[in-house]
Amino acid sequence: DENWEKAEQAIIEACEEKGLIAKVEYGEAAFYGPKLDFMVKDAIGRRWQLGTIQVDYNLPERFQLEYMGSDNQKHRPVMIHRAPFGSMERFVAVLIEHTAGKFPLWLTPDQVAILPISEKFNEYAEQVKAELRKFDVRAIVDDRNEKIGRKIRDNEMKRIPYMLIVGEKEAENGEVAVRKQGEGDKGTMKIEEFGKNLAEEVSNMINKW
């Protein structure tokens, strides 16, 4: 009981020191000692418990853990359980729901979908993908035997941030026709120019985060 109260007080003081708005909830399921749960609101205002920090005086006692202090005496440590994301599955589920699958450019698994207008330009699409890799751009080639309109619709549904349409004109000039997810046509540009623009956009996003 004494250790439990000591841990409770330590958590309360840590919250006050950091200026966190904390609410004491008695009777929550904590087995090792008092814990600090971080509640996160999603896009529609629902609250989810994700991160947890828990002070544990119990397990070090049970495992008889010791360390040698600066006074050359043995001491019993206090264990801190850290789970910044809580369950990774729950965190990812909340993230997908919060963004409706439209991840920030730096986070999304596929940043660019390259869409050849026919199978004749599949090879050029692969060249574009290879060039973009130099700028650390994650790209895929949609080389299905489908009409370009169908490819655009399907990749819009996948929430891929950018689509590059490539055909005869683009292959001849070393260019790509750019479409941005939810915004439509952004014009034609050189592969290198697009790669640099995307790398800069990602860098700016990460710096803001």
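Helix 4 (residues 122–133) lies across strand 6, strand 7, strand 8 (162–166) and strand 9 (175–180), and runs at about 160° to strand 6. Contact here requires heavy atoms within 4.5 Å, and axes are lines fitted to C-alpha atoms, for helices over the stretch in contact, with angles running from 0 to 180 degrees between N-to-C directions. Helices (H or I, at least four residues) and strands (E, at least two) are DSSP runs numbered from the N terminus. The model is a predicted one, in which local features need pLDDT of at least 70 and side-chain atom pairs count only at pLDDT 80 or more, whereas totals for chains, interfaces and linings use all residues. Residues are numbered from 1 along each chain as its sequence is written, and side-chain values use heavy atoms, with hydrogens and water left out.

Helix 5 (residues 148–157) lies across strand 6, strand 8 and strand 9, running at about 170° to strand 6. These strands belong to an open sheet of 5 strands with the order 7-6-8-9-10 and mixed pairing, two strands being counted as paired if DSSP finds at least two bridges between them. Strand 7 (139–141) and strand 10 (184–190) stand at the edges with a single partner strand each, so one side of each is left without a neighbour in the sheet. On average, and with direction ignored, neighbouring strands of this sheet are turned by 25° against each other. Strand 6 (residues 112–116) pairs with strand 7 in the parallel sense over 3 bridges, and Val-112 stands opposite Ala-139 in strand 7.

An open sheet of 3 strands has the order 1-2-5 and antiparallel pairing. Its edge strands are strand 1 and strand 5 (79–83), each of which pairs on one side only, and the twist from one strand to the next averages 15°. Strand 2 (residues 47–56) and strand 5 are joined in the antiparallel sense over 5 bridges; Asp-56 has Met-79, in strand 5, as its bridge partner. Helix 3 (residues 88–99) lies across strand 1 and strand 2, at about 150° to strand 2.

Phe-38 is found in strand 1 (residues 35–41) and is partly exposed, with a relative accessible area of 34%, where buried means under 20%, exposed over 50%, and partly exposed in between (1.4 Å probe, protein chains only). Together with Leu-20, Ile-53, Val-78 and Ile-80, Phe-38 makes a nonpolar surface patch of about 410 Å². Accessible areas come from the Shrake-Rupley method with a 1.4 Å probe, and for residues only the protein chains shown count as cover.

How values were computed:
Patch = residues over 30% accessible without salt bridge, like charges linked within 9 Å, V, L, I, M, F, W, Y side chains within 5 Å. Salt bridge = Lys/Arg side-chain N within 4 Å of Asp/Glu carboxyl O.
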